[in-house]
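Have the model open as you read.

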Amino acid sequence: MTFEAWIPLLVLCSSLVPGLLIFALDESRVRLRTTLNLAGALTKLALVGLMLWGVAHGHAYEVRFTFLPGLDLALRAGPLALLFLVLSSLLWLVTTIYAIGYLEGSPHRSRFFGFFSLCVTATVGVAMAADMLTFLLFYEMLTLATYPLVVHRGTEVARRAGQVYLAYTIGGGALMLLGIVWLYTLTGTLEFTPRGFVSDLDPSHHPALIVIFVFLIAGLGVKAALIPLHAWLPMAMVAPAPVSALLHAVAVVKAGAFGIVRVVYEVFGVEFAAVLGVTLPLAILAAATILYGSLRAIFQDDLKRRLAFSTVSQVSYIILGVAIASPIATIGGLVHLVHQGLMKITLFFCAGNLAETLGIHKVSEMNGVGRRMPWTMVAFTIAAFGMIGAPPVAGFVTKWYLGLGALDAGQHWVLVVLAASSLLNAAYFLPILHAAWFREPPSTWPEERDFGRRETARALLWPPLVTALAAVLAGLFAALPFSPLEWASFIAEQEFTRP
Amino acid sequence: VSAVLLQSALLVALVWPFVPASMLAVRAVRPLAIALLPWSPLPALALALLAPDQALELPETLLGSGLILDATARVFLAANALLWLAAGWLMVGRRPMDVPEWRSAILALIAMGSGFALALANDGLLWFAAGTLAGYAFYGLILQGSTRPARMAGRRLVILLVLSDLLLFELFLILAHAAGGTSFDALRGAVAATDSPTFVLSLMTLGFGVKVGVLGVHFWLLPSFQAGTPAVRVALIAFVSAAGLLGWVRLLPLGEIAWPAAGLALHWLALATTGYALVLGMLKSERGALVGSILMALTGQWLWAIAGALQRPELGAAVGDQLPMLALQAGAGLAALMLLEDMDTGRLARLRGVIAWLAAVLIALAPMPLLGFWVDDSLVAPERLWWPSIAVALLLGRFLARIGAPGLTSPDVAGKAFRSIGGRTILASCLVITSLVAALTELIADMPTDVWSPIQTVTVEWSAAFLLWMASLSAALLIGWAGSLLLRDLPALDTPDWSIGASRALRERIRALRGYLHRLARIQLPGWRDAIADGLAAIASGPRFRARALQAETILVRWASALVMLILIGVTAVGLGVGR
């Protein structure tokens, strides 16, 4: 194997090996565990950076193993894979730092960080999967690696949430498996191919292809939290804040959305999917999810549940962008993969900070918290404005491209959905900001911890500030080379215009 | 090298206020950053006054932006910088006592920098981003007061800001899609080529109208002027002109389009806005609210001019060129009046009175060059008589009569140390001189420096009609002043004892009228959450929907439901396939 073929494997191993080692560590080996965590995250980031540079300069990174006769397990780092890889490796580093601070002194840290690393391993596997089989393998590994994190606290509520999570995700996986097997019997291949590989099939197979599409979207829609398959996500909020951040911004819901992107673009091909008539129903389902998630978010007093319903809504922007089936909307959808990750992880970090520092779990407890924790709330404010779509934060760029793409495709109704969604986002985020910045703080907080002159621990404060800054920079300098927008444009160009 | 330096100056002027804003993050240098606040507009002012026309491309910013210093940008930048100099000077040393100074300062600096970005932006997205940022910064500044009126004003402002931003987002999106770019040149081209002018103009009128207080979306304006500190009021004038009027000037290709029907509708809207402002201003005694009324009437005046230009495209270019100078002259004058509002006694009282009168005259006569465009028409044609200007003059007269009179200034404003009378007099004088220079340059069509020469001015023809209109505006100013003085013994209608001294019949009638106007003026918007969430998602917020949604969620979170649902999807999909 060439060096370039080794790199995807090294990317996998950079989190897998530390994860396995951490399992074997005693709880008291804090320094070694931290070193392994950070070394793995930094190595992964460096390797992904190397691949990013290489792909931009025309290099190919692929490794392949025979699984069964005619079926390979293959990893490939193309432009689309790299978009997700950069996001997951960057945010894994930040989340690791945050988790180290968040879990300081709590039990079962070796177990936590072990599964945490496995979870990221599965995510990068999902990102680099070169065919549906490899994708499914890592997709299911992600389910199994995340379950212990969801039930980490070990409470009855956590166990119940874990059960629901497993039921939904394994059921979704089963549907996917069904679709994949059926697809293989029709096509004889599962290899992701630019513009898809099913369009050459005889038209008599089109009804079957529609059913396969439904199977695959339903299977992936569970993790992407499309309604009515979203119910596990708000329940999973019992997990610790770093896990919530991981679920919502880095791994699970993103894996679902990313899978839908793969299916539409590299299994069916977006133009053929439009011919089959499946993109419009998918767009309508995404739009319904966007509005439903926002409406439900408004009525949640629990901060993390409000953010969870916000995720239900926001992730569907990615699917909407894909389903509109125009080059510009594709850019909007793909770039939101990164933008939503940056903004949502910031929000969950901040929610974690409020809970850990002051014992605040509800929106109604947030009066005047901006005066007590100004930096945390600055980060929260930036991310919230980004979610609303206010410029120059990254969310604005997403909505701009989705809107332009919808106009380009003649689907003007999407503008109404975008406007309504922004309005609803404002309705559930602005009251939080108002309460935090302009209401009088209470005389005592629910469970205040003392951090001296600092508002909270450094390890808890820096991650949200860094991700909030990244969200601003991603919007303000959206046209810079290697920015998420430029990279998404590069992918869309490949999908729509290159021969 | 000099070209690069000059281009850099554009960026420096814009970014400069954000430097002290960043410094405020570091506790140790906060006093220094706050001390820098009043001087932060100086680079922008220097740029507006001294630098030649230039442009700077910023291809990596947003989706490809740019800055420009042209005739329009120059005037708006100068106006913004001047008003922010005054506001900054007032702000440092005058703030609500329970708020740390740095919080107000950081919001002010963000609003200031955004204001400069509004003036210098050469594309729709940068302009939109700056407007959004400035709007929310002002929301914070108004709410710093922590009083009930401040909360009410802030609540109204934020609802309308969200609405405005959504409408403008749609507007820019539609125009950018048609134009294939976001530069103002491209967007103007798209406006000129649009086949649905009414729709485009409606989006503009509502979107920009929120910022300038057009009737119907004006609810925030008067409460904000009533609740804001003097510094915030002065700064609000800059915001209104840059985030509202400038939008129309930048986007409408005046002179290239003839939209008579839309122009007529805009005329009526201008008339309604002005009439409402006039009635409200005459009934209010509080000076902050009165200034808000004057600003609303000025909005009517600007709209009236734009409407005229849409109806008569041959005048459009000249009107478009003249509007920025009109805004500068009126804005500087109005800010000066606000600085002099409570200074009728003490040292140099007469001098201050003269300055106030001069400021009022300059504001009232500011539209004269624009009136000159219609000088060839009939003297008495009602649409030429410029009713909004008459209304502005009447309100200015009332304001002059109220200077020094007891008002209903909010407690948090009244009780605080204010800048010295001498300092405020000097500042007001500077603003009046600016307004005077603007007036003279318009009337004699000669710019004070070479760099200002590209700004088009009209050569006024001193005809009988022109003199008649000048006289009518002056008369309106005097009538407003004299009328208010004559009636000053009657308690104002927004004081608790308004009915004392009036006859019973008159009282009853006024009470009825007041009640009606009160309802008009204070349409009760519910809380912002309710207004947005319950208003626009009424179906969702209904108990039935919520109950069903909750019930559905409860069922969905059972693991058995998940399996049943997933099996059902599979069966349906298979059935669908077989059916096909």
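What follows is a short tour of a predicted model, taken one feature at a time.

## The second largest pocket

Let's begin with a pocket.

The largest share, five residues, belongs to α20(A). By residue type, the lining of this pocket splits into 17 nonpolar, six polar and five charged.

## Other charged pairs

Side chains of opposite charge can pair when their charged atoms come close. Over all chains, the count comes to 15 salt bridges. One of them joins the side chains of Glu27(A) and Arg109(A), at 4.0 Å from N to O. Glu27(A) is in the loop between α1 and α2 (30-56) of chain A, while Arg109(A) is in helix α4 (residues 109-128) of chain A, so the pair ties together parts that are 82 residues apart in sequence. Glu27(A) is partly exposed at 29% relative accessibility, whereas Arg109(A) is buried at 13%.

Over in chain B, Arg312(B) and Glu314(B) meet through their side chains in a salt bridge of 2.9 Å, N to O. Here Arg312(B) is buried, with a relative accessible area of 18%, but Glu314(B) is exposed at 54%. Back in chain A there's a network of salt bridges to look at, linking Glu62(A), Arg64(A), Asp72(A), Arg76(A) and Glu191(A).

## The largest cavity

Rolling a probe the size of a water molecule over the atoms shows where empty space is left. How many cavities of 30 Å³ or more turn up in the whole structure? The search finds eight. The largest cavity holds about 170 Å³ of space. Of its 14 lining residues, the closest to the centre are Ile388(A), Gly389(A), Ala390(A), Asp165(B) and Leu166(B).

Helices from both chains take part in the lining: α18 (413-438) of chain A, along with α7 (124-143) and α8 (148-179) of chain B, each supply at least two residues. α8(B) gives the most, with four. The lining of the largest cavity divides into nine nonpolar residues, three polar and two charged.

## A nonpolar patch on the surface

Finally, go to the outside of chain A. Met1(A), Phe3(A), Trp6(A), Leu10(A), Leu50(A) and Phe65(A) make up a nonpolar surface patch, and together they have about 620 Å² of accessible area. Helix α1 (residues 3-24) of chain A provides the largest share of the patch, three residues. Trp6(A) lies in that helix, and it counts as partly exposed because its relative accessibility is 40%.

Definitions and conventions. Residues are numbered from 1 along each chain as its sequence is written. Chains are lettered from A and ligands numbered from 1 in the order in which they are written. This is a predicted model: local features need pLDDT of at least 70, side-chain atom pairs count only at pLDDT 80 or more; totals for chains, interfaces and linings use all residues. Side-chain values use heavy atoms; hydrogens and water are left out. Ala, Val, Leu, Ile, Met, Phe, Trp, Tyr, Cys and Pro count as nonpolar, Asp, Glu, Lys and Arg as charged, and the others, Gly among them, as polar. Patches are made of residues with over 30% relative accessible area and no salt bridge: like charges are joined within 9 Å, nonpolar side chains (Val, Leu, Ile, Met, Phe, Trp, Tyr) within 5 Å. Accessible areas come from the Shrake-Rupley method with a 1.4 Å probe; for residues, only the protein chains shown count as cover. Buried means under 20% relative accessible area, exposed over 50%, partly exposed in between (1.4 Å probe, protein chains only). On a 1 Å grid over the protein atoms alone, a cavity is a set of points where a 1.4 Å probe fits but cannot get out, and a pocket is an open set with protein on both sides within 12 Å along at least five of seven lines; lining residues have an atom within 4 Å of a point. Grid points are joined across faces, edges and corners, and a volume is the space filled by probe spheres set on the points.
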